[in-house]
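Subject: Structure for you, with notes on salt bridges

Hello,

Here is the structure I promised. Please open it and keep it beside these notes.

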Amino acid sequence: MGFNHDDQDGSRHLKRNRLTVLIAVVLLILCEAVSRGDGYYIAEVQWTVEAPVTQYTSYQDVSLITITIPQETEEVFWTFRAFASDEKCTVRKVKVYLQRGRYPVISPNNETFPDHFHLHQRQAQEYVVPSSNTSVEATLPYPMPGKWYAGAIMKEYSSDEIRQRGLTKDCTYSLSVITVTKVLEDVWDLSMEKSHKIHLNHDRERIYKYRAPDFTVFYDIQISGCETTEGNTTQAISPCPFSFMVSDEVVPSNTSVTINCSITNKTCIYPVTSPPIVEPTYIKFIRNPALPLVKALSFNLHFLTYECDKPTLLVDMGKKNTTDGIVRYSPYRQERPTKKAHCVTSNSLGRYKIAPFDFSGVFVIHNYGELPIPENQILLSSQWSFSTSFNLDDVEDIGGTLKINLGVLEDRAHLREGYKIWLCLMKGRVPYKDTLLECPDAALMTVNTTSEESSFAKLYIPYPEAGQWYLSLQTACYNISDPHKPLVCDHAPLVEFMVSLSPCVEEGCGRFGKCKEYISGVHIFSSCECYAGWQGYGCTDGSHANSDTKELAMTLLLTLSNLFFIPGILLALRRRYFVEALVYFFNMFFSTFYHACDSSKIYILCIMKYDTLSYADFMGSIMSFWMTLMAMSRLHPQLRSLLHMFGVLSISVMMDFDRHGLWESVVPIGGGVLILLISWAKVWCQRRTCFPSKWRYIKFLLPGFLLAVTGLVIFSFFETQENYMYTHSVWHMVMSLSIIFLLPPRRLKAKVHSTRKWCQVWRLVCTLKSFLSQGILILTLRIIDSGHA
């Protein structure tokens, strides 16, 4: 049984990683125990499977890893380790991009993105890890909880040589990640639907968390009834000697908003706008250090929430009038409940699948029709904002591109007033008032009726976060003659918006790319495969693009250079090497159309499947070597015919196994050269003289050999991505021209001499047979005559 050194190295790496984690966990617990006696923490450790890392050319080369950070994480420790498959491999720099909730949207080579792309990413992190099997440690305080995605790549190498497989060491690179999270355990839950009595006894601080109800646009935190207790004595106190910190989604830190209630004699109130809906909000109460520890502090906590109204369709604009696609909402119900904000909301947008592939669909308002209308049209009043939501799945959706269209449908020729529309799209929050108009850390769109161009807008979000998204619309009117002068709107403008999801950029990548779907581990995503030197998420970065002239020249060079086979084909026909001529023509034909299908994506001609053309091209190239070597060998015709068929069968199997491998080319060529030398050596021994003649060595074999070696050296060592069109065309020319020098002459004289010799022998045999027959006949007659006598 063999021993795998890679497995041994992998086991060593794993043991080292585990030891590193154990030390980190022990130090973490000890430090927390010494520095803070009142904190309760737990440590969670995660190991990721070693992920392969490759050189970056486009997003399809990104290796994705999922890391889960639990709730109430106060700090996360990452240990990155990159290593190669062999110690002799060149040390590369692995770049790791970390992003919460979505695949990292990266631009390693500073590629530009298409227009109208929203690229804001929260808590994005970048690290560089050398592949020398050394650990790179990083710390991130107060990370957002949930799924984090790590994208690992290697920057483009300084050399872009195209190495023949097998000539150099095949090195593979991998990355592993160890995650240690410090989780705050002592966090209490609160409900926003009732009041709470908070006690701060000997605890100097205490942390609570709560979640806002769906479509809560803002709420007030109200503190009242502050009391201190010492023994059995309770005394009201004002102002209340404490402060509190509010933090969305992450536990409070020094950068969180702090409200000091000890500076006001009134009820301590703090308003919060657009709170997170699904994720929790944390509130941390801190006693004033001046308050003696013997005194317990208590106070009342109350939440006053404001939610969007959920209206019904107007009776006079009900189902019978919704067939036009316009959904008409009443501003408020007749009996408007209390604590309702100046906004209305519809039910969540329904999803309509428009194509049978991943990352596709439109999100629509229910219009009571048989088929949904993708363009959601609403009458938008300036008295209230409109909000709705939709959900993105963490498997089926985050690998695509989210697109938002916004337009105002008004005939400007008859407008007396202008309209301006705001659309704010937030993940996990309902935009409202200032957060709607300013849209911080979110996607903002605006349109107006001043011109045709400004009345429509679009926005793309690549690899959007999974979860609930909230979309809000607000309108305002202005004087057309003076756009800076606001007006009270006479009527509600007709606004349409469209929310859709598609692979790449609207299922395409422009003229210079093709949209494809890729899998990295368990992650599925769409990405553009760019060509002709174009780059970027949508193949719109032409800073390194090839001109159409260069693309055409590349195609013509790589295809027309195969015409140099024609002299060799004609020479083989003239010398009656018909099988060889057929193989050369086969090679020329499929090499021409293979490069016509492969060299350029702009000027492209594929007469059959690409894989078939590729297979036939490599098969024809190796068969041309084999047939030429067999023709040069001094073999019996039946043996040569056997070797021809043996070459076809064996080379076809090897090309199907790995047409790009080194041994798949070396074995047939080396075997053919060996057969050639053995056959020549046999003739040398029989004739006791040099074979072929010195004159043929100097005039034909040496030039042909130099051409063939030159082609092999160029093909194996000098081809790069930049000079491929030139070097590979030279390879075509020198290899095809070498046939003219290497193909042996026609052996007519030997065949005629052999035929005449056999004919003379046959005539001799026939003459002897005739004489013998005549002699036997005469002898028989004489015997008969003597018997009668």
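The notes below cover charged pairs.

This is a predicted model: local features need pLDDT of at least 70, side-chain atom pairs count only at pLDDT 80 or more, and totals for chains, interfaces and linings use all residues. Residues are numbered from 1 along each chain as its sequence is written, and side-chain values use heavy atoms, without hydrogens and water.

Side chains of opposite charge can pair when their charged atoms come close. The whole structure holds 19 salt bridges (a side-chain nitrogen of Lys or Arg within 4 Å of a carboxyl oxygen of Asp or Glu). Three of them follow.

K95 pairs with E126, with the closest N and O atoms 3.7 Å apart. K95 is in strand β5 and E126 in strand β6, so the bridge ties together parts 31 residues apart in sequence. (Strands are DSSP runs of E, at least two residues; helices are runs of H or I, at least four; both are numbered from the N terminus.) E126 is exposed, at 51% relative accessible area (buried is under 20%, exposed over 50%, partly exposed in between, with a 1.4 Å probe and protein chains only).

R429 bridges to D248 at 3.1 Å between the closest N and O atoms. R429 sits in the loop between β27 and α2, and D248 in strand β15, so parts 181 residues apart are tied together. R429 is buried at 16%. D248 is partly exposed at 27%.

E506 meets K403, the closest N and O atoms being 2.9 Å apart. K403 is buried at 11%, while E506 is partly exposed at 41%.

Best wishes
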